[in-house]
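Please read it alongside the sequence and the coordinates.

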Amino acid sequence: MTSKDKSAQKRRKAELENLREELLEAQFELRKTNKGPILVLITGNDFAGKAEVIYTFYEWLDPRFLHTRAFGLPQGIERRMPWLWRYWRTLPPTGELAFYLGSWYHQPLMRLSRGQISPTTFKRQMQEVTAFEQLLIDEGATLIKLWLQLSDSDTRKRADPALNQTVAMREWGDFSAADYEKVRSGAQYMEELTSTTEAPWIRVPSQDPQERDLRIGQILLQAIRQQLTSQPSQHPVYGWTASQNERLAALDYTLKQDKDHYQQQLSTLQQRLRQLVQHPKFARRSLLLVFEGTDAAGKGGTIRRITQCLDPRTLRVHGTRAPTEEERRLPYLWRFWRRIPAPGNVVVFDRSYYGRVLVERVEGFCTEPQWQRAYREINDFERQLADKGTLVIKFWLAITQDEQLQRFQAREGSPLKRYKLTDEDWRNRKQWPAYVQAMNDMIEHTSTQLASWHLIPAEDKRYARIQALNIVCDQLEAALK
């Protein structure tokens, strides 16, 4: 080795040591300020050292706050759920870093390269990915999308068994030269469709492992520093307009259910629902029931009349409360993605993801841009569920202010019901006009063909229960046909 080579090697070593120190300091600051997270998506040519990059950063950084996610083609339950479901479940919290090997790009690109999906289907999936990434960015995440690149000659050298190369991860399997050309062409198309200003694709030459790691380290350091100095966007989301409709006032609150026939109708509808859920076709479908409404409108009683006829082994009821500390460090839809029903199952949300555009909006628990964005994010969430066979049925149970006051007072005087009434209920009552406006806006912007809202006057609880059961049975029966 010449003196010039030794000098260059010494400089590179010093540069790497300095970079490592700066990365450790930046990682500590990211953790302290609870910003982020940082998601590093690593893909590219086989033999380019994708897994080796991860090893390097586990040596350089504090591994307690690093996550590695690796995905092959979906298996088992993953194949039966919305395709982005498994990625939602693995998102890291704020303040931490995650490396993704075989990210949400791997499955579509693999299938396109093998001719298993059409370019049209691939384009639609890339549009879904772009929307998913924009949601993560809007929630404060930083995405670094890396394509590790080798020349054809370097790929052949590293693939030569005579060189005794150890490859930690191969994404593409046993591909011929023609197959790799399809991967290359598909990757170029993928880059065109998904390289955005906030999440561009970055190609990293990977012939020299040290240069590769140095370049990726510099990219990561810059991203963390930008994240540390970034401020949440306070700009309104253009295209959103407030609703002027007063849907609650238009409801007929005098509607009642005949007491003499209530039990008979209830029993008939419960038997009908039980048979529908036991139908062989339902094994390929799932049911999500969303209950929102005025405080004390009888959501709990209505839910019980629906669920008491179902098999508890395939039923889950989730009462949505204020997010936990862990949940606050993740995109707000994360906790609901984790609770969606698998095929053959029923999930009920007693309060739901609509809290972002209701209580969080009214009480100021989120910013205006956040709840304005939520309409689009929720519609996209429900569309993905419907595309995979989930029937989404949404209810708003409504009562008047006078009826609510009577029910509050009755709860105060009942030892068995007093626990249902909280200071928060009285505080929400004072915000009645704001909640009415928020409810009207929610119906206006999230009642879609795939998941429309059903507004039920609930001054008479029996009427509300029978109406809800009728709607569930009718829609489920139509879906199974």
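Lys-420 sits in the loop that runs between α16 (401-412) and α17 (423-430), where helices (H or I, at least four residues) and strands (E, at least two) are DSSP runs numbered from the N terminus. The model is a predicted one, in which local features need pLDDT of at least 70 and side-chain atom pairs count only at pLDDT 80 or more, while totals for chains, interfaces and linings use all residues. Residues are numbered from 1 along each chain as its sequence is written, and side-chain values use heavy atoms, with hydrogens and water left out.

**Surface charge**

- Lys-420 has a relative accessible area of 32% and is therefore partly exposed, given that buried means under 20% relative accessible area, exposed over 50% and partly exposed in between (1.4 Å probe, protein chains only).
- Together with Arg-304, Lys-417 and Lys-461, Lys-420 belongs to a patch of positive charge on the surface; patches are made of residues with over 30% relative accessible area and no salt bridge, like charges being joined within 9 Å and nonpolar side chains (Val, Leu, Ile, Met, Phe, Trp, Tyr) within 5 Å.

**Salt bridges**

- The whole structure contains 35 salt bridges, a salt bridge being a side-chain nitrogen of Lys or Arg within 4 Å of a carboxyl oxygen of Asp or Glu.
- Arg-383 and Glu-128 form one of these through their side chains, at 3.3 Å from N to O, and the pair links distant parts of the chain, with Arg-383 in helix α15 (residues 368-387) and Glu-128 in helix α5 (residues 119-138), 255 residues apart.
- Within that pair, Arg-383 is partly exposed at 24% relative accessibility, whereas Glu-128 is buried, with a relative accessible area of 7%.
- Both Arg-383 and Glu-128 also belong to a network of salt bridges that includes Arg-124, Asp-380 and Asp-387.
- Asp-441 forms a salt bridge with Arg-361, their closest N and O atoms lying 2.8 Å apart; this pair, too, links distant parts of the chain, with Asp-441 in helix α18 (residues 432-446) and Arg-361 in helix α14 (residues 359-363), 80 residues apart.
- Asp-441 and Arg-361 are both buried.
- The side chains of Glu-327 and Arg-335 meet at 3.5 Å, N to O, in a further salt bridge, and Glu-327 is buried at 13% relative accessibility, as is Arg-335 at 9%.

**Strand β1**

- In strand β1 (residues 38-44), 7 of its 7 residues are buried; Ile-38, Val-40, Ile-42 and Gly-44 point one way, while Leu-39, Leu-41 and Thr-43 point the other way.
- β1 pairs in the parallel sense with strand β3 (residues 97-101) over 5 bridges, two strands being paired if DSSP finds at least two bridges between them, and Leu-39 has Ala-98 as its bridge partner in β3.
- β1 also runs parallel to strand β4 (residues 142-149), to which 7 bridges join it, and the bridge partner of Val-40 in β4 is Ile-144.

**Backbone geometry**

- Most residues other than glycine have a negative phi, and most peptide bonds are trans.
- Gly-36 and Pro-37 are joined by a cis peptide bond with omega about 10 degrees, and Pro-37 is found in the loop between α1 (3-33) and β1.
- Phe-47, in the loop between β1 and α2 (50-60), has a positive phi near 75 degrees and is buried at 11% relative accessibility.
- Arg-351, in the loop between β8 (346-350) and α14, has a positive phi of about 70 degrees although it is not a glycine, and its relative accessible area of 22% makes it partly exposed.

Methods. Areas by Shrake-Rupley, 256 points an atom, 1.4 Å probe, with all protein chains shown as cover. Lys, Arg positive; Asp, Glu negative; His and termini not counted. Charge placed at Lys NZ, Arg CZ, Asp CG, Glu CD.
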